[in-house]
Amino acid sequence: MKKFKWCVIGAGGIADRRVIPAMQKDEKSELVAVMDKNEAVAKRLSEKYGAPSFTSEKDLLQSVDCDAVYIGTPVALHFPQAKLSLESGKHVLVEKPIAISSSDGENLLAIAKHAGKFLSVGYMMEYHSLHQRTKELIEEGKIGRVCSVHARFSCWYPPIEGAWRQQKALGGGGAMMDLGVHCIDLIEWLLDTRISEVKSFCKNRTFRYEAEDEAAALFMTENGVLGDIAANFNIPDACESRLEVYGESGSILLYGTLGQEEKGTLTHLFSPQGDYSAMQTHTTAQTETFRAEGGDLYYKQLSAFRKQVESGNFGDFAEAERAIEVQKAIEKIYENS
Ligand SMILES: NC(=O)c1ccc[n+]([C@@H]2O[C@H](COP(=O)([O-])OP(=O)(O)OC[C@H]3O[C@@H](n4cnc5c(N)ncnc54)[C@H](O)[C@@H]3O)[C@@H](O)[C@H]2O)c1
């Protein structure tokens, strides 16, 4: 069986923790080389995964035959490394966010189209079974017309010497750019819309690094839904994420589903109101609760990417297009703050 060959650029972080192990679970995929600018990391991963290593992306792309490149480097490097990979004739799965700016994202998509190669972005939370169920419930009208969305995603991220996420030039921003982007992506995907207007605050409360450690945005979508997103680097990891969608006939409440693992619960409440009730009773409510399947989000995303390339359907750039819209919303949030 001919396997789908992957190279990895920026192999020492999320690639080593989640993505390469997920690649190895896919019997139709194989890792053929790793590249990291840190020589010790490159060498360690070469030994760990039994693949040749490089410390220059140019050397990697000139010497190794592969179908696709996964890029897991700091955000400011996404554009130049994805551009080089596409122009070297490789399909590209670049980590989120697509690039440091929406205009770099748009240029990247144009380069992919010109090269006839596929481009997708690491918003793997779209592959979470409970997020997919949320989308189905909304599309089937199980909460009626959506009115309101609330998302909260946080972690604990104290100052770390040299950390790229804490420097604007390398990360492009702080908590909103790193965590908030997942919320924006999910909201725009679930509601099949874009964020059109925002009011926001991005600031530092706990930590004194350059990027913001907390951010909040109120927004309106093009299809009239109001919502808010809170993203924090200063709340303990143990505090669960929230994603809540409210409609004219009910609600979908997701607890603990935002993150790297397919975890958490979804509670769906269906309760069309009918007449006004001065007593505000809740007797007609029907609720059902679902638990996450516990799968591997990275495996699901990598195999979906491989299947799309193998099907020859490179014309569908929905994920990359949505990722560009996410960056436009992020730019509005930072401009308004
Ligand atoms: N989808 C997810 O679940 C998820 C989770 C974490 C991070 N990310 C994204 O992955 C990317 C990397 O984040 P991370 O947490 O793994 O960072 P990290 O700092 O832990 O790892 C980045 C790796 O890239 C290497 N690197 C730095 N500069 C390089 C260069 N010029 N060329 C090649 N390699 C270079 C570093 O040595 C390091 O090994 C970011 O875009 C981040 O937003 C996504």
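This is a predicted model: local features need pLDDT of at least 70, side-chain atom pairs count only at pLDDT 80 or more; totals for chains, interfaces and linings use all residues.
Local features require pLDDT of at least 70, side-chain atom pairs count only at pLDDT 80 or more, and totals for chains, interfaces and linings use all residues. Residues are numbered from 1 along each chain as its sequence is written, and side-chain values use heavy atoms, with hydrogens and water left out.

**Ligand shell**
- The ligand is surrounded by 24 residues, where a residue counts if one of its heavy atoms lies within 4 Å.
- Ile14, Asp36, Lys96, Arg165 and Tyr298 are the closest.
- By class, the shell holds seven nonpolar, ten polar and seven charged residues; Ala, Val, Leu, Ile, Met, Phe, Trp, Tyr, Cys and Pro count as nonpolar, Asp, Glu, Lys and Arg as charged, and the others, Gly among them, as polar.
- Helix H1 (14–25) and helix H4 (78–87) each supply at least two shell residues; helices are DSSP runs (H or I, at least four residues) and strands are E runs of at least two, numbered from the N terminus.
- The ligand lies between domain 1 (4–123) and domain 2 (129–291), because both give residues to the shell; the bounds come from an automatic or database domain assignment.

**Polar contacts and burial**
- Polar contacts are pairs of N or O atoms within 3.5 Å.
- Ligand oxygen atoms are 2.6 Å from a side-chain N or O atom of Asp36 and 2.9 Å from one of Trp164.
- A ligand nitrogen atom lies 3.1 Å from a polar side-chain atom of Gln81.
- The ligand alone exposes 840 Å², of which the protein buries 86% (Shrake-Rupley method, 1.4 Å probe).

**Backbone**
- Lys96 and Pro97 are joined by a cis peptide bond with omega about -15°.
- Pro97 is in the loop between strand E5 (91–94) and helix H5 (102–115).
- Asp192 has a positive phi, near 50°.

Conventions
A polar contact is a pair of N or O atoms within 3.5 Å; within protein, one must be able to donate a hydrogen and the other to accept it, and residues adjacent in sequence count only if both atoms are side-chain atoms.
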